[in-house]
Amino acid sequence: MTGFDQPLREILLQTDDLEWVEKSLDGLSHKMLWRDPETEASIALVRFEKGSGIPSVHKHASNQFMFCLSGRYVYLPTGTTLTKGSFYWNPKGVTHGPTRAEEISVLLEVYDGPHYPERPDFYDNDEDAR
């Protein structure tokens, strides 16, 4: 029996018990909370260390939603700034970035499908782009 054949059930994660997993982009780590293997939709906590960020313009293959739990995270070209309590929606296919964390920033990030149409050059492996 696979996980999909089992009856639905509630799942509770204590995020403080999960380890931050470093990505190949310096200063970025995440805690994956949920991923749909069929659609590649996902929910994760992402953490950017102060001074880190996404170094180039990019776009996503699905809608991106972020809720800022702490910190100050800036989209440099537009000045759009996420601070505690900010909700950000970037529609599928819209180019944005680069970004920089002006403080250690923790964001709840949700994708309703795959993250990227192709792996961006700021990651050195496919798994980090998921």
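Visitor: How do the residues lining the second largest pocket divide into nonpolar, polar and charged?

Guide: The lining of the second largest pocket holds 5 nonpolar, 2 polar and 4 charged residues, where Ala, Val, Leu, Ile, Met, Phe, Trp, Tyr, Cys and Pro count as nonpolar, Asp, Glu, Lys and Arg as charged, and the others, Gly among them, as polar. This is a predicted model, in which local features need pLDDT of at least 70 and side-chain atom pairs count only at pLDDT 80 or more, while totals for chains, interfaces and linings use all residues. Residues are numbered from 1 along each chain as its sequence is written, and side-chain values use heavy atoms, with hydrogens and water left out.

Visitor: What makes a residue part of the lining of a pocket, and which residues line this one?

Guide: On a 1 Å grid over the protein atoms alone, a pocket is an open set of points where a 1.4 Å probe fits, with protein on both sides within 12 Å along at least five of seven lines, and a lining residue has an atom within 4 Å of a point. The lining consists of Ser56, Val57, His58 and Lys59, together with Tyr116, Pro117, Glu118, Arg119, Pro120, Asp121 and Phe122. The space in this pocket comes to about 150 Å³, a volume being the space filled by probe spheres set on the points, which are joined across faces, edges and corners.

Visitor: Why is Tyr111 called buried?

Guide: Tyr111 has 3% relative accessibility and therefore counts as buried, since buried means under 20% relative accessible area, exposed over 50% and partly exposed in between, for a 1.4 Å probe and protein chains only. Tyr111 lies in strand β9, residues 105-111, a strand being a DSSP run of E with at least two residues, numbered from the N terminus. Leaving aside neighbours within four places in sequence, Tyr111 is in contact (heavy atoms within 4.5 Å) with Ala41, Ser42, His60, Ser62, Asn63 and Gln64.

Visitor: And what is Glu40 called, buried, partly exposed or exposed?

Guide: Glu40 has 33% relative accessibility and so counts as partly exposed. Glu40 sits in the loop between β2 and β3, and it has a positive phi of about 70° although it is not a glycine. The C-alpha atoms of Glu40 and Tyr111 are 8.1 Å apart, with the two residues 71 apart along the chain.

Visitor: How do you know that β2 and β3 pair, and in which sense?

Guide: Two strands pair if DSSP finds at least two bridges between them, and β2 and strand β3 (residues 42-48) have 7, in the antiparallel sense. Ser29 has Arg47 in β3 as its bridge partner. Strand β1 (residues 21-22) and strand β2 (residues 28-35) are joined by 2 bridges, also antiparallel, with Val21 standing opposite His30.

Visitor: What makes β1 and β7 edge strands?

Guide: The open sheet has 6 strands in the order β1-β2-β3-β9-β4-β7, with antiparallel pairing. Its edge strands are β1 and β7 (87-90), each of which pairs on one side only. Strand β4 (residues 64-70) is joined to β7 by 4 bridges, and Gln64 stands opposite Asn90.
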